[in-house]
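Thanks for coming. I will go through one structure today, a few places at a time.

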Amino acid sequence: MSGKLYVVGLGPGEARFLTPEAGAALEAAEALYGYVPYLARVPERAGQQRFASDNREELARAGAALAHAAGGARVAMVSGGDPGVFAMAAAVIEAIEAGPAEWRALEVEIVPGITAMLAVAARTGAPLGHDFCAISLSDNLKPFEVVERRLRLAAQAGFAMAFYNPVSKARPWQLDRAFEVLREELPGGVPVIFGRAVGRADERLRVLALTHARGHMADMATCIIVGSVETRLVERPGLPSLVYTPRSAGPR
């Protein structure tokens with residue numbers, strides 16, 4: 001029997017966000033690989049092996065899963081959100097590129113999921129309703145000078161922005177610096193959305209002006225959306241405001 005590797009997006013949290021395609025891939029797999037908290041989201045099934053590993057072990061995890069699949073097994077690599085958005089799909093393909101020839105012969109299926117920025121956007125309205133970009137604020141794999149340049153250019157170009165990996169114990173200052181950069185380029189009233197653990201029981205949402213956004217308001221479970229100069233709040237009596245970026249944009 002030839003092996004196969006599924007790279008499966010679990011979505012942002014609860015099982016209701018899991019797509020039928022992702023559920024079928026998990027059911028078909030004989031073995032699961034993944035970061036400890038993501039693997040814990042998948043219900044255990046008799047006879048299915050599980051190989052959990054820590055964060056920052058993406059390439060080692062990918063190599064182990066590929067080697068297992070190359071031995072003839074059906075293997076699923078689980079990933080939070082969508083595996084192609086700052087997640088495991090790129091690590092798997094990087095491992096294939098650098099690995100043995102037999103890994104290139106494997107059948108690999110990337111199974112999409114709902115990524116955090118889409119879950120946060122849906123909870124608040126349509127802040128990504130026009131052109132937008134996604135930026136990881138982590139400087140583990142790139143210098144923070146690159147992040148700053150991208151933030152400035154995105155703000156100048158009129159993009160709404162979604163921030164992944166905004167802050168951690170090892171990176172306590174980068175988010176505050178990102179807000180400082182954006183306050184130099186954007187009006188202080190631009191809406192900022194903090195969406196923590198959206199799709200899970202401990203979900204928290206907060207919308208405030210860029211002027212008041214601070215790094216201590218987020219952690220690694222938070223996805224942040226910063227609006228463009230076009231983004232608006234629609235007030236509703238007795239209901240939460242809706243945040244949206246109009247589908248058309250004026251000249252800059």
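Let me begin with a side chain you can find on the screen: is F86 buried, partly exposed or exposed? F86 counts as partly exposed, because its relative accessibility is 44%. Before going further, please keep in mind that this is a predicted model.

Staying with F86, its place is the loop between strand 4 (74–79) and helix 4 (88–98). Its backbone deserves a look as well. Most residues other than glycine have a negative phi. F86 is not a glycine, and its phi is positive, about 50°.

R56 is another such case: this residue is not glycine either, and its phi is positive, near 65°. You will find R56 in the loop between strand 3 (49–53) and helix 3 (58–70). R56 is exposed, with a relative accessible area of 57%.

Now to a pair of helices. Two packed helices are described by the angle between their axes and the distance between the axes. For helix 7 (residues 144–157) and helix 8 (residues 174–185), the angle is about 35° and the axes are 9 Å apart. The crossing of helix 7 past helix 8 is right-handed. On the helix 7 side the contact is made by F144, E148, L151, R152, A155 and Q156. Helix 8 contributes Q174, R177, A178, V181, L182, E184 and E185. What is the make-up of that contact, in nonpolar, polar and charged residues? There are 6 nonpolar, 2 polar and 5 charged residues in the contact of helix 7 with helix 8.

The model has 5 aromatic pairs. One of them joins F144 and W173, edge-to-face, with 5.1 Å from centre to centre and 70° between the planes. What does this pair tie together? F144 lies in helix 7 and W173 in the loop between strand 8 (160–164) and helix 8, so the pair links parts that are 29 residues apart in sequence. As for accessibility, F144 is buried at a relative accessible area of 6%, while W173 is partly exposed at 45%.

Next, the cysteines. How many disulfides are there? The count is 0. C133 is in no disulfide, and the nearest cysteine sulfur to it, that of C223, is 12 Å away.

Two loop residues remain. L10 lies in the loop between strand 1 (4–9) and helix 1 (20–28). At 5% relative accessibility, L10 counts as buried. Leaving out residues up to four places away in sequence, L10 touches F17, L18, L26, Y38, R41, V42, V78, S79, G80 and G81. G81 is 71 residues from L10 along the chain, yet their C-alpha atoms are separated by 5.5 Å.

The other is H216, in the loop between strand 10 (204–209) and strand 11 (222–226). H216 counts as exposed, at 67% relative accessibility. H216 and G189 are 27 residues apart along the chain, and the separation of their C-alpha atoms is 19 Å.

That is what I have for today.

Note on methods:
Residues are numbered from 1 along each chain as its sequence is written. This is a predicted model: local features need pLDDT of at least 70, side-chain atom pairs count only at pLDDT 80 or more; totals for chains, interfaces and linings use all residues. Side-chain values use heavy atoms; hydrogens and water are left out. Axes are lines fitted to C-alpha atoms, for helices over the stretch in contact, and angles run from 0 to 180 degrees between N-to-C directions. Helices (H or I, at least four residues) and strands (E, at least two) are DSSP runs, numbered from the N terminus. A crossing is left-handed if the near helix is turned anticlockwise from the far one by less than a right angle, and right-handed if clockwise. Contact means heavy atoms within 4.5 Å. Ala, Val, Leu, Ile, Met, Phe, Trp, Tyr, Cys and Pro count as nonpolar, Asp, Glu, Lys and Arg as charged, and the others, Gly among them, as polar. A disulfide is a pair of cysteine sulfur atoms within 2.5 Å. Rings of Phe, Tyr and Trp (its six-membered ring) pair if their centres lie within 6.5 Å; planes under 30 degrees apart count as stacked, over 60 as edge-to-face and the rest as tilted. Buried means under 20% relative accessible area, exposed over 50%, partly exposed in between (1.4 Å probe, protein chains only).
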